[in-house]
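Biologist: I am new to reading protein models. Could you help me look at this one step by step?

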Amino acid sequence: MKKDQVKVQWQGEVVSVQPRSTVWRYLTDNRTHRECGYNIFLKGEVCGDQPENRSDKYDFCVAVSEKQAQKAQIHIGDVMKGTAWTKLYPETEFADYYRAGGIKKLETLPARQMSIEIDTVSTRYDGTPIPRVNSADYPGPPWKTEVPPLEIYAWRGERMLSKSSWKGKCFQCIWANMANVTIQYDFDRNLVRNRFETFCYGPLSCKYYKMGPARAVPYKGRDSASDQGWLDEICVEYRNDPDE
Ligand code: SF4
C-alpha cells in the first residue's frame with residue numbers, strides 16, 4: 001500500500017447508484033465487461049480528503065461491494081455514512097473511494113425493487129436459464145428503482161453510451177455505467193492503456209439513448225481501430241425484448 005493512501009469518513013445523500021465495472025478491450029476483436037460492485041454517488045462531505053471528481057450532480061463517489069449494497073438496500077434519497085480509502089491507482093479507478101466499511105443508513109426514502117424472472121425458455125446456447133427484469137414495469141427513463149443484482153447486469157449486456165448523456169439525463173439511472181477500461185496496447189510486452197468509458201445496460205428502446213462518437217482502440221504500431229458499435233450488438237445478444 002502506498003503511503004499517501006488514506007482512510008476517510010464520508011457522509012451524504014445518495015443521488016445515484018450505478019454498477020461498477022471493469023472492461024478489457026483489444027482492438028475491435030474483444031470487449032469484455034465484468035461487473036464487480038456498485039458506485040454510489042453522493043452529495044455530502046468527506047473528512048480527511050478532497051475528492052477530485054466533483055460535478056454539479058454529485059460531490060464524491062464511493063465504490064461498494066454487491067454484498068454491502070444488498071445489505072443496506074442503497075438507493076437514491078438515502079442518507080448514508082461510512083469509511084473508505086483513497087485510490088491506490090487513480091488511473092484505473094473512477095470512484096473517488098473504495099474498500100468502503102462501516103456503512104450505515106441514517107435516513108431513507110421508499111424505493112421499488114425490481115422483480116426477477118428466471119427465463120427457462122429463451123436460454124443461453126448451453127441451456128442456462130437467464131435471470132431477467134422488465135424495465136417496462138417501472139417508471140422511467142431514467143430508472144430509479146433499487147439496483148438489481150449484478151447477475152442481471154451481466155446477462156443484459158451493455159451498449160456504449162455518450163458521455164454527455166451519462167452526465168446529463170442518464171446520471172440517476174440504474175442502467176448507466178462508468179467503466180474502468182483497460183486497453184491491451186501491446187501483448188508482447190503486456191503494455192496497457194487505461195481510461196474511463198460510459199455504457200448503458202438499459203432497454204434497447206430507451207428514448208434517451210445516444211451512442212455518441214465511435215471509440216478509438218489503439219494498438220502499438222497499428223492505425224487505431226474504432227469501436228463503431230457493432231460490439232454492442234454482441235454484448236446485448238441475450239435480450240428478447242427491446243423494452244426489457
Ligand atoms: S439511455 Fe440507458 S442509462 Fe440513459 S436513461 Fe435510458 S436506459 Fe437509462
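Biologist: How many Å separate the centres of domain 1 and domain 2?

Modeller: This is a predicted model, in which local features need pLDDT of at least 70, side-chain atom pairs count only at pLDDT 80 or more, and totals for chains, interfaces and linings use all residues. Residues are numbered from 1 along each chain as its sequence is written. The chain is divided into domain 1 (7–107) and domain 2 (117–235), with bounds that come from an automatic or database domain assignment. Taken over C-alpha atoms, the distance separating the centres of domain 1 and domain 2 is 18 Å.

Biologist: Which element gives the most to the side of domain 1 that touches domain 2?

Modeller: Two residues are in contact if their C-beta atoms, placed from the backbone, lie within 7 Å. The contact takes 29 residues from domain 1 and 32 residues from domain 2. On the side of domain 1, the elements giving two or more residues are E1, E2 and helix H1 (66–72); helices (H or I, at least four residues) and strands (E, at least two) are DSSP runs, numbered from the N terminus. With 11 residues, the element that gives the most is E1.

Biologist: How many residues on that side of domain 1 are charged?

Modeller: Here Ala, Val, Leu, Ile, Met, Phe, Trp, Tyr, Cys and Pro count as nonpolar, Asp, Glu, Lys and Arg as charged, and the others, Gly among them, as polar. The side of domain 1 that touches domain 2 has 11 nonpolar and 11 polar residues, and its charged residues number seven.

Biologist: What is the radius of gyration of the chain?

Modeller: The chain has four helices and 12 strands. The globule rule (2.2 Å times the number of residues to the power 0.38) is compared with a radius taken over C-alpha atoms. For 244 residues the rule gives 18 Å and the chain comes close to it, so the chain is as compact as a globular protein of that length, with a radius of gyration of 18 Å.

Biologist: How many residues are in the largest nonpolar core?

Modeller: A nonpolar core is a set of buried Ala, Val, Leu, Ile, Met, Phe, Trp, Tyr and Cys residues joined through C-beta atoms within 7 Å. A residue is buried if 20 or more other C-beta atoms lie within 10 Å of its own, exposed if 12 or fewer, and partly exposed in between, with C-beta atoms placed from the backbone. Among the residues with the most contacts inside the largest core are Ile40, Phe60 and Tyr97, and its size in residues is 44.

Biologist: Which strand holds arginine 99?

Modeller: Most residues other than glycine have a negative phi, and most peptide bonds are trans. Arginine 99, although not a glycine, has a positive phi of about 50°. With 16 C-beta neighbours inside 10 Å, arginine 99 counts as partly exposed. The strand that holds arginine 99 is E5.

Biologist: Is leucine 27 buried, partly exposed or exposed?

Modeller: Leucine 27 lies in the loop between E1 and E2. Its phi is positive too, at about 45°. There are 16 other C-beta atoms within 10 Å, so leucine 27 is partly exposed.

Biologist: Where is proline 142?

Modeller: The peptide bond from glycine 140 to proline 141 is cis, with omega near 0°. The bond from proline 141 to proline 142 is cis, with omega near -10°. Proline 142 is in the loop between E7 and H2.
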